[in-house]
Amino acid sequence: MAGGLRTPGDVIGRVRADVERNALRARNGIKLVAGVGKPRLGQTPKDLVWSRGHAQLWRYRSDRVTLQPPLLIIFSLVSKSYVLDLQPGNSFVEHLQSAGFDVFLLDWREADERQAGERLEDYADGYLPEAVAHTGEAAGADTVNLFGYCYGGVLSLLYAAHHPDAALRSLTVMATPVDFSKWGLWRDLADHELPLDAILDEDGNVPASTIRQGFRLLKPTGEIRQYATLLDNVWNDAYVTAYQAMTGWSNDHVPFPGAAARQTLEMLVRDNGFVCDRVRLGGDLVRLSDIRFPLLTVIAERDHIVPEPVAAPLPELVGSEDNEVLRLDAGHVGLVVGRTAAKITIPRIIDFLKVRSEKVAR
Amino acid sequence: MDGKPLFWRVFDKAEEVVAPRLEDAVRSDPFLAALGLGARARARLRRDVERRSQWLWHLVNLPAGSDVTHLRRQVAELDRELRQVSIALEHALAERRRDEVD
């Protein structure tokens, strides 16, 4: 008999398994279509420490803090931060807490007309220095380990380069673009004089829907593959839950403040400001070579949003002597979510930070 | 045979052929030019609709959506200035406290 079904018992077992799978397919299919049973995301308890404008500084509650200085995560301006704390057991924040870190997050409320005029200076010279000061004050520490993810990494680099005397113990940037000349579609759009004024919404920001469409264009068949994989695994409860969490996040963008978007497009992307030393903040020339803090650059080799060649030049551009690179066989989000993150990325990041931290008496 | 079901073998083959072409297409000059044109056309259409609705609302002495947007922007500007003043004030106070301690 085909497929190794030798006895009637095998046949019955196979039929039973197929029937069960089909029942699960039907149930999960209905759940997906109806949009019910969505997993709860970002559940680690946290408290608001400070806020100004659309910046919010959160401190994750923990009674397991054994390391100082605190770790301040700077999140991106175009997506939502719950990806760092997706679900219990699959949470970047949870791993950091388990290692003994006092974890803070600088997050951004959805930008509205009040943020339309905010420039990169408002972030690098305003929100970030204040967040670092408030983090240190709340944790009773003189310095902070700074951690920037994606565009949060860009903001962290601008801050660290423009404030070489900042109270930072170390700087870690993950999936952070620096060489924009190799940034594929985004660079092409900048070269084609993308009409930013025509894209801005009535608040003066780049709408979330435009950002979502832009990301989809980076991998035009990506969504079809996602649906095909879902179809294949729709019987699997764990897969469906993870799919709902991840797909929900990857479609959950936020508006990008208009003035910062214009500077990003013109100064960082079109002029390739980081590589060509053409970044100016408040009239000052800002050079990555002025960064002297211990630096860890985390690069995802299968990242289609910030491809490896875009992120890789950073270690050569900074002035840090303590300068490490971590290359991983992962995608943009796989750095913080999933099994590779739990087994490889996060432990390596923790190792780097532990060396640059000290134990505190409990 | 790599042990994959037929569905996935067909899908992978099709994607192998289609994906690079689509990626090239979205980075081609005509596509990028069309994107720019489309954005400009949409913005123009939005402005036209706004102008017409503004005329209509103003006819019955009511504020139009664009008036509200204008007001919101002015409030936002005020909010920004207020924030800058409060930051300057906080810094001045912190400096004064430091001087007092010294």
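**A buried loop valine and its surroundings**

Reply: Val336(A) sits in the loop that runs between strand 11 (323–328) and helix 14 (339–355) of chain A. The model is a predicted one. With a relative accessibility of 2%, Val336(A) counts as buried, because the cut-off for that class is under 20%. Neighbours within four places in sequence set aside, Val336(A) is in contact with Val83(A), Leu84(A), Phe92(A), Tyr149(A), Met174(A), Ala341(A) and Ile346(A). Leu86(A) is 250 residues from Val336(A) in sequence, yet their C-alpha atoms are 9.4 Å apart in space.

One of the contacts of Val336(A) is Met174(A), and strand 7 of chain A spans residues 168–174. Ala175(A) belongs to the loop between strand 7 and helix 5 of chain A. Ala175(A) is not a glycine, but its phi is positive, at about 50°. Ala175(A) is also buried, with 1% relative accessibility.

Helix 5 of chain A covers residues 184–191, and its axis comes within 10 Å of the axis of helix 10 (residues 258–270) of chain A, with a crossing angle of roughly 110°. Helix 5 of chain A is therefore roughly perpendicular to helix 10 of chain A. On the helix 5 side the contact involves Trp186(A), Arg187(A), Ala190(A) and Asp191(A); on the helix 10 side it involves Leu265(A), Val269(A) and Arg270(A).

Asp277(A) is partly exposed, at 33% relative accessible area.

Next come the charged pairs. Side chains of opposite charge can pair when their charged atoms come close. Over all chains the structure holds 29 salt bridges. In one of them, Arg61(A) meets Asp47(A) at 2.9 Å, N to O. This pair links distant parts of the chain, 14 residues apart: Arg61(A) is in the loop between strand 2 (55–60) and strand 3 (67–68) of chain A, and Asp47(A) is in strand 1 (residues 46–52) of chain A. Arg61(A) is partly exposed at 48% relative accessible area, and Asp47(A) is partly exposed at 32%.

Another salt bridge joins Glu121(A) to Arg119(A), with the closest N and O atoms 3.4 Å apart. Here Glu121(A) is buried, at 15% relative accessibility, whereas Arg119(A) is partly exposed, at 37%.

Between the chains, the side chains of Arg80(B) and Asp122(A) form a salt bridge of 3.4 Å, N to O. This pair crosses from helix 3 of chain B to helix 3 (residues 120–139) of chain A. Arg80(B) has 15% relative accessibility and counts as buried. Elsewhere, Arg225(A), Lys4(B), Asp12(B) and Glu15(B) are joined into one network by salt bridges that share partners.

Chain B also carries a nonpolar surface patch of about 670 Å², made by Trp55(B), Leu56(B), Trp57(B), Leu59(B), Val60(B) and Leu62(B). Val60(B) is in the loop between helix 2 (29–59) and helix 3 (65–101) of chain B. Its relative accessible area is 54%, so Val60(B) is exposed, in contrast to the buried Val336(A).

Methods. Residues are numbered from 1 along each chain as its sequence is written. Chains are lettered from A and ligands numbered from 1 in the order in which they are written. This is a predicted model: local features need pLDDT of at least 70, side-chain atom pairs count only at pLDDT 80 or more; totals for chains, interfaces and linings use all residues. Side-chain values use heavy atoms; hydrogens and water are left out. Patches are made of residues with over 30% relative accessible area and no salt bridge: like charges are joined within 9 Å, nonpolar side chains (Val, Leu, Ile, Met, Phe, Trp, Tyr) within 5 Å. Accessible areas come from the Shrake-Rupley method with a 1.4 Å probe; for residues, only the protein chains shown count as cover. A salt bridge is a side-chain nitrogen of Lys or Arg within 4 Å of a carboxyl oxygen of Asp or Glu. Helices (H or I, at least four residues) and strands (E, at least two) are DSSP runs, numbered from the N terminus. Buried means under 20% relative accessible area, exposed over 50%, partly exposed in between (1.4 Å probe, protein chains only). Axes are lines fitted to C-alpha atoms, for helices over the stretch in contact, and angles run from 0 to 180 degrees between N-to-C directions. Angles under 35 degrees count as roughly parallel, over 145 as roughly antiparallel, 65 to 115 as roughly perpendicular and the rest as oblique. Contact means heavy atoms within 4.5 Å.
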